Amino acid sequence: MENVELIVTDFILDHLLSLILWTPALAAALLFLLPGRERILKAFAIGASLVPLVLSVILWAAYDGAAAGFQFEERLTWYAAIGSDYHLAADGLSIPLVLLTTLITPLALVVAANVREPRPGPAVAGRGKARIFLALFLLLETGMLGVFLSMDLLLFFIFWEVGLVPMFFLIQQWGGEKRDYAALKFLLYTMGASLGFLLAIQVIRLAAGSFDLPSLYASWPALAEGTLFGLPLSTVKALAFWGLTIAFAVKVPLWPFHTWLPDAHTEAPTAGSMILAGVLLKLGGYGFIRLVLPLFPDEIGQFAPALAVLAVAAIVLGALAAWSQNDFKRLVAYSSVNHMGFVILGVAAAALAGAETAAGSFALRGAVLQMFTHGLSAAGMFLLVGALYDRTHTRDLEELGGLFPRAPVYGGILIFTAMASLGLPGLGGFVSEVMVILGSWRVFPLLTGIAMIGLFFTGAYILKAIGKVLHGALPKRWKDASLEIGLRERLAMAPLMILLLAIGVWPVWILKMIGTAMR
Amino acid sequence: MLATIAFLIPLPPLAAFAVILLFTRRHRALSTAVAVGMLALSVCGALIVAAGALRTADLAGNPIAESIPWIPGAADGSGAIRIGVWVDGLTVLTLCFVAVTLFAIFIYSIGYHNFGAPEGRQDVPGLPPHGSTAGGDARRVPSVEPLYTRFFAFISLFAFGMLLLVLSDNLATLFIGWEVMGLCSYLLIGFWFARERARRAAVKAFLVTRIGDVLMLLGLALCWQFSRSLSLREILDPENLARMAAATSGVPGLSAAGLTALLLLAGTIGKSAQWPLHIWLPDAMEGPTPVSALIHAATMVSAGVYLLLRTAPLLSAAGAPATDAAAFVGAFTALLAAAIALAQTDIKRVLAYSTISQLGYMVAAAGIGAYTAAAFHLAMHAFFKGLLFLGAGSVIHGVDHGAMHEGRETDTQDMRVMGGLAGRMPVTFAAFLAGGLSLAGFPLLTAGFWSKDEILAAAWNTSTAVFIVLAAAALLTAFYTARQIALVFLGRPRSAAAAHAAEPSRWMLAPIAVLAVFAVTAGWAGIPDNFPILGGVIPNGIERLLHPAAQPLSSAAVANLMETRQPICCILAAPEKTPFSYAALMVSFLVSLGGLLLGWLVYRRYQAEQKDPLERLLGPAFGFLQAGCRFDDLYRILFAVPARWIADVVVSDWIDRRILDGALHAAGRAAGGVGRLLRNGIDLPLINGAADRIAGGTRRAGAELRSLQSGRVQEYLLIGLLVFTACGAALVWRMLN
């Protein structure tokens, strides 16, 4: 018996990353074998998505912080002809993001209530829709996890693109009124940006002779001599740098590449918005830290000030744009532009200061933590917006108001989550933002000062949302409406809130994990 | 042991907050017991720590301190942020007055929210209770606040924030406490959130203070840059201060220390409602009166001054630009707010402006280096202003009772419809009188006299301009205090409601009585030793507590300390003992007694519907003062309207919709053309391959757009996978060749 247990444990630990990565995809395939009752399908999908969550927690616990570096490596020859391997590994940067992904996916599935009625109209084939929704969702999870776990550039790219397709359909099939426009904009924008990405990994492959990330970390930055297609290597490197940078900048999104985001987030179904804001945007920030920073230290050092200017533009203009929205969901969508600006500001500061200095280390760890905390608070905010919309069928802030007495628990949760998003000290967002600010102040004092304008207007739009939803006189039409948040939504909010509080009060545990990747 | 207790002091109210919201929110008695019980635990802890600290021989040299790591540093450990507690003289003093006022106001709130009264049938959450007709009585009787338990949850969270701030040995947790209190202030100003005015006031308070907060955050960044830490001990280390004083800041004419001090001062200006960010505090009176007493008079607003005093060595090291700014802002605010208070008719707004004015005294005192005097006044002000607000709440309650009795709607906060309450509410009157005299600085007897006199004496010795302004403000203070007491309590009742006002319950009277004792006697602990006759009769405890090293920490002193390398352990630095001056004392007597007498003479015979005597004297200027010098309108035109315009028109409409999306749509329309152009124009085979994908993507998108209504997801999935596979295959094929 003990032997069997040992063998099973060993197998799980040896293939932990593959198990995390492929369980959702496998579950997506199995969904098509199940009977068509929606309840069964949903229960199965949620159950299946809990497996990677549990495994991610094991991953976190089993990761050896003292040894740091990449662990749980798996390598299989995959496409020998072009030198691309199935190579997975995890470190202190990817593990928190893997946990974020595997956490938010089940939570989003839990609240995905209305999957049965995707879009009205005669052409709807009601049966089978839920199945596809859930399958797309699980495929999406595999795509995102693949990006976080890939140690091979081609693999990285493929997973990057795989994530795109399900999200397109989630928006386009289950979205709001302008879903077609939003979905197409999302797809074309991201796809267009991926072109540079594709170009970049190809020239890297051709110049350095490898797709393998760990070996590229060692060889690529030092590579200085040589030509490719008659172009000097410096030009090639610049080309690759910009290709990657723009691809990730669109994803983050960095100002001025952000206009797809408010449309996509607003039109996506609640669960889709949660994943979009909670995880998908982090792919961009992750790309910057995983690929651009280590592979192009000279180039990013040179362009860091420009990047910082755009980041501050995202912070300030994103906050101003959010403040001017009267659509609750659009307001929350714009808040992502505002918050993700801090990620890029931190990356830029770390690039200039050097990640090993105190300032650089704070900025970079702050950026990673910001991705995590924003993932939690943004997913929570979209959940809450969706919960309200399900009951009122409006997102217009002018029509809402005074709902606090009708929904006290909802109100409390909304205030908590909105305050986390605002960066209230004591909750997660504060720690990450203050770390970025402390770090970047050293490098970009003026820009950091200007970013404070954005931080001020963060307060303005958050309070606008709370005030217009909860406070004021109760309009007649909601006098007898039942608006209180349901048990399912409360269950989904609980882990987000607990984590936000845990990070805000005691950030050591997660910063230690992130810190192992920064040595 | 003491350090551990100090660590634990802030936690019970936090637990109370969580317990009430999560478990006991439906049980009023239980929630009250939890809130008060937990606070009692904290107060006991605070008293134990204070007693222990007072027994410590050299508290400045050996403060009670302990810290734990909070944010790990870089790989080499630099920059780590530790959090912990720090108990020295200033902490002890602040802890004591915070504990007393917190406890008094918790008890008072029980009565204020009509604990034990029936529920009103028409009461709704988010509005003050209307009263109840339960019990068969035709007349209305007070009804319990609908959100009674929530109130106690919020003030418990507030207590946590304040205690955390006071005990912090670092700017990180100090800032956490700072902002948690800001949140509580927001939630409690908006406690009756169904009122439009309350909603606006809450947002205004949060946002205006946030201007100071974000600047303060930059100050934290500067501190961290130089000391690689947020611990006060390391920031205020003379070596570090000397480094900061010597470093340039990037702003011409300002050292790094100067810039840091100014940024932290901005935080103070926001939190302590100093000009030009003072506009939120008068509106904050929309909150329930215990909130006004606790948060907007006694504790939270004093956090700004506390920060200034806590970082006093930095201010000293920063030198002229920063200290002058503090002195100017403080003195100007003191005078401005006192002048505005003259013309207010709302009983609470007078006190609000008075708070702004008194806080101005403390900021000015810090600016001229009179830190001990500022701390002394901070504590005394908490007692007498807390008392005045509680008295005002009691008056409002009493008039409200009268209005209910008469069955008419009356503005229960308008002093013009009061009058003659001294006879109806003798206990409240006596207490209010004690508080008012203390505020006016009634000589020798009251706490306010001793603390204010110390500030005036310090100003007399350092800056004539500050002295003149503060003395003028003191005259106005005494005048508006006399006006308020005369309008509310003296003469004959000017409305039916006032005529039937009644003393409130004991829950409310007991805390008022306790604070009244403090408002008079607490000042006796700070009588200067060199004061004629009275000096030395009671030992000057305040001085001993706050003045341990008695060395001014000027830039020169910092350099001096640098040479000797003495670790400076007193966080509070103070100038040389203020020499006694009869002239300053005479002025102090004169403005206080003169103002009181004048106010009493002018307003003692005020009649209903009569024009305010000051209005006859000042003419249109009176209206200007009444409207708070129109700062609200000014800021609306200068900041709020342009910000709205930039957000709505420039950013959302022009930049995002027209320019960025416009360009995108134009590109979209030309997509096919662009695809061809890319293919033909750029001859790199790799880019060629990529361009094919764009064209493919566009084509596919077009096809999808056409068939969007079909809704056959399986088909899309298939197409998507096919295209994707094709692209992948094309890519692989390219690379193989």
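This is a predicted model: local features need pLDDT of at least 70, side-chain atom pairs count only at pLDDT 80 or more; totals for chains, interfaces and linings use all residues.
Confidence in chain A averages a pLDDT of 89, and 96% of the residues score at least 70. An exception is the segment of residues 115-127 of chain A, over which pLDDT stays under 50. For this segment the model has 22 contacts beyond four places in sequence.

Chain A contains 19 helices and four strands. Its radius of gyration is 22 Å, close to the 24 Å that the globule rule gives for 519 residues, so chain A is as compact as a globular protein of that length. The C-alpha trace of chain A spans about 75 × 60 × 50 Å along its principal axes. Of the 519 residues in chain A, 64% are buried. Among contacts in chain A with a separation of 6 or more, 79% are between residues 24 or more positions apart.

The interface joins 71 residues of chain A with 68 residues of chain B. On the chain B side, at least two residues each are supplied by strand S1 (64-71), helix H6 (171-189), helix H7 (196-227), H29, helix H31 (685-706) and helix H32 (713-736). H7(B) provides the largest share of this side, with 14 residues. By class, the side of chain B that touches chain A comprises 46 nonpolar, 13 polar and nine charged residues.

One helix pair across the two chains consists of helix H12 (residues 297-323) of chain A and helix H29 (residues 631-669) of chain B, whose axes come within 8 Å and cross at roughly 110°. Angles of 65 to 115 degrees count as roughly perpendicular, and H12(A) and H29(B) are therefore roughly perpendicular to each other. From H12(A), the residues A:Leu317, A:Leu320, A:Ala321 and A:Trp323 take part in the contact. Their partners in H29(B) are B:Ile646, B:Ala647, B:Val651, B:Ser652, B:Ile655 and B:Asp656. The residues of this contact divide into eight nonpolar, one polar and one charged.

Leaving aside residues up to four places away in sequence, A:Lys512 touches A:Gly65 and B:Pro72. A:Lys512 is partly exposed, with 13 other C-beta atoms within 10 Å. A:Lys512 and A:Ser482 are 30 residues apart in sequence, and their C-alpha atoms are 44 Å apart in space.

Some backbone features in loops were also identified. Most residues other than glycine have a negative phi, and most peptide bonds are trans. In chain A, the peptide bond from A:Val252 to A:Pro253 is cis, with omega near -10°; A:Pro253 is placed in the loop between helix H9 (233-251) and helix H10 (260-267). In chain B, a cis peptide bond runs from B:Trp275 to B:Pro276, with omega near 5°, and B:Pro276 lies in the loop between helix H10 (256-271) and helix H11 (280-283).

Positive phi values occur at A:His393, with about 60°, and at B:Cys629, with a value near 60°. A:His393 is in the loop between helix H14 (358-392) and helix H15 (408-422) of chain A, where the residue is exposed, with 8 other C-beta atoms within 10 Å. B:Cys629 belongs to the loop between helix H28 (620-626) and H29 of chain B. B:Cys629 is partly exposed, with 18 other C-beta atoms within 10 Å.

Technical notes
Residues are numbered from 1 along each chain as its sequence is written. Chains are lettered from A and ligands numbered from 1 in the order in which they are written. Axes are lines fitted to C-alpha atoms, for helices over the stretch in contact, and angles run from 0 to 180 degrees between N-to-C directions. Angles under 35 degrees count as roughly parallel, over 145 as roughly antiparallel, 65 to 115 as roughly perpendicular and the rest as oblique. Two residues are in contact if their C-beta atoms, placed from the backbone, lie within 7 Å. Ala, Val, Leu, Ile, Met, Phe, Trp, Tyr, Cys and Pro count as nonpolar, Asp, Glu, Lys and Arg as charged, and the others, Gly among them, as polar. pLDDT is the predictor's confidence in each residue, from 0 to 100. The radius of gyration is taken over C-alpha atoms; the globule rule is 2.2 Å times the number of residues to the power 0.38. A residue is buried if 20 or more other C-beta atoms lie within 10 Å of its own, exposed if 12 or fewer, and partly exposed in between; C-beta atoms are placed from the backbone.
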